Amino acid sequence: MTTVDGDGVRLKTEADEPGWEVDPDDEWGVAVIATVGRQLKLRREAVGMRAAEFGAAVGYGEDLVYKIEGGKRIPRQEYLDRADEILDAGGLIAAAWEDVKKVRYPKKVRELGKLEEKAVEIGVYECNSVHGLLQTSDHARTLFEAAQPPYSQDDVERMVAARLARQSVFERDPAPSIHFVLEEAPLRRRLGGTMVWQQQLEHLLEVGRLRNVTLQVMPTRVEVHSGLDGRIELLKFADGTAVGRSDGAFNGRPVSDPRQLRILELRYGTIRAQALPPWESLAFIEQLLGET
């Protein structure tokens with residue numbers, strides 16, 4: 001239902017901001033949002049504002065204000081910034097965004113993001129789709145919306161936002177060295193329609209031309225392929241340690257033992273040698289774009 005205040009201004013409701021619920025299985029996230037909500041309520045009450053009055057001031061419906069204060073809803077950055085001004089919090093409420101923005105994304109994604117943020121070298125072989133670090137928002141949304149059983153639209157939007165947030169790894173300084181090997185077949189699949197597919201290929205070309213990125217395509221016509229066991233991920237860190245995972249090795253669990261890592265590195269190195277070289281890979285993607 002649409003909420004309008006006394007001046008005829010439309011106030012935001014849950015329908016305006018899908019995907020901002022707290023994951024009940026995320027204990028740390030639940031604690032962060034509950035704490036922020038409690039501080040918002042205490043400060044609102046301290047200045048003598050009713051929830052409806054405060055909501056009108058920040059542009060939110062009364063019900064949404066109660067949910068945020070009750071720790072049931074994740075506040076957006078603009079909500080916290082506006083609340084900080086209205087409640088004269090001196091920046092304390094606005095500063096809470098640094099923790100709140102992490103809760104915005106599912107726990108597993110945050111853990112993966114933390115590893116990618118620390119890695120100085122990232123190696124990925126992806127066999128069934130375009131890797132998440134390379135996906136456009138529309139491509140990612142198409143993938144999530146195709147899942148069966150289907151996700152709710154709120155969950156879809158939350159997962160898309162989480163996937164895009166991981167791509168901040170490309171903005172790091174100093175930049176990590178990142179290597180991708182993608183299969184030809186997923187690049188030809190026009191997921192989301194021709195326009196979404198074209199935008200995805202154009203994005204691959206853009207990222208593949210970055211100085212710290214190497215992008216290779218594994219052609220379908222190859223007669224010898226060492227990646228048939230599935231996806232491989234390798235992350236190496238500044239202190240010399242590393243972690244890796246493969247769908248077809250060690251039960252798919254992350255490994256850090258040097259002997260197990262050597263096996264994954266051997267497989268990944270062989271896959272890279274079998275794939276098209278980087279310059280031919282980019283030319284191949286350009287050729288696909290020309291076939292539209």
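Helices are DSSP runs of H or I with at least four residues, numbered from the N terminus. The views show a predicted model in which local features need pLDDT of at least 70 and side-chain atom pairs count only at pLDDT 80 or more, while totals for chains, interfaces and linings use all residues. Residues are numbered from 1 along each chain as its sequence is written, and side-chain values use heavy atoms, without hydrogens and water.

**View A. Helix 2 and the residue that follows.** After helix 2 comes Gly-59, which has a positive phi, near 90°. Within helix 2 (residues 51–58), the buried residues are Ala-51, Phe-54, Gly-55 and Val-58; buried means under 20% relative accessible area (1.4 Å probe, protein chains only). These residues lie on the same side of helix 2, because they cover an arc of only 100° around the axis, the arc being that of the directions from the helix axis to the C-beta atoms.

**View B. Packing of helix 11 against helix 13.** Helix 11 (residues 194–208) and helix 13 (residues 278–290) pack at an angle of about 160°, and their axes are 10 Å apart. Axes are lines fitted to C-alpha atoms, for helices over the stretch in contact, with angles from 0 to 180 degrees between N-to-C directions. The two helices are therefore roughly antiparallel, a term for angles over 145 degrees. Contact, meaning heavy atoms within 4.5 Å, involves residues including Trp-197 and Leu-201 of helix 11 and Leu-282 and Ile-285 of helix 13.

**View C. The surroundings of His-139.** His-139 belongs to helix 8 (residues 137–145) and is buried, at a relative accessible area of 3%. Apart from neighbours within four places in sequence, His-139 contacts Val-130, Leu-191, Val-196 and Gln-200.

Notes: Buried means under 20% relative accessible area, exposed over 50%, partly exposed in between (1.4 Å probe, protein chains only). Angles under 35 degrees count as roughly parallel, over 145 as roughly antiparallel, 65 to 115 as roughly perpendicular and the rest as oblique.
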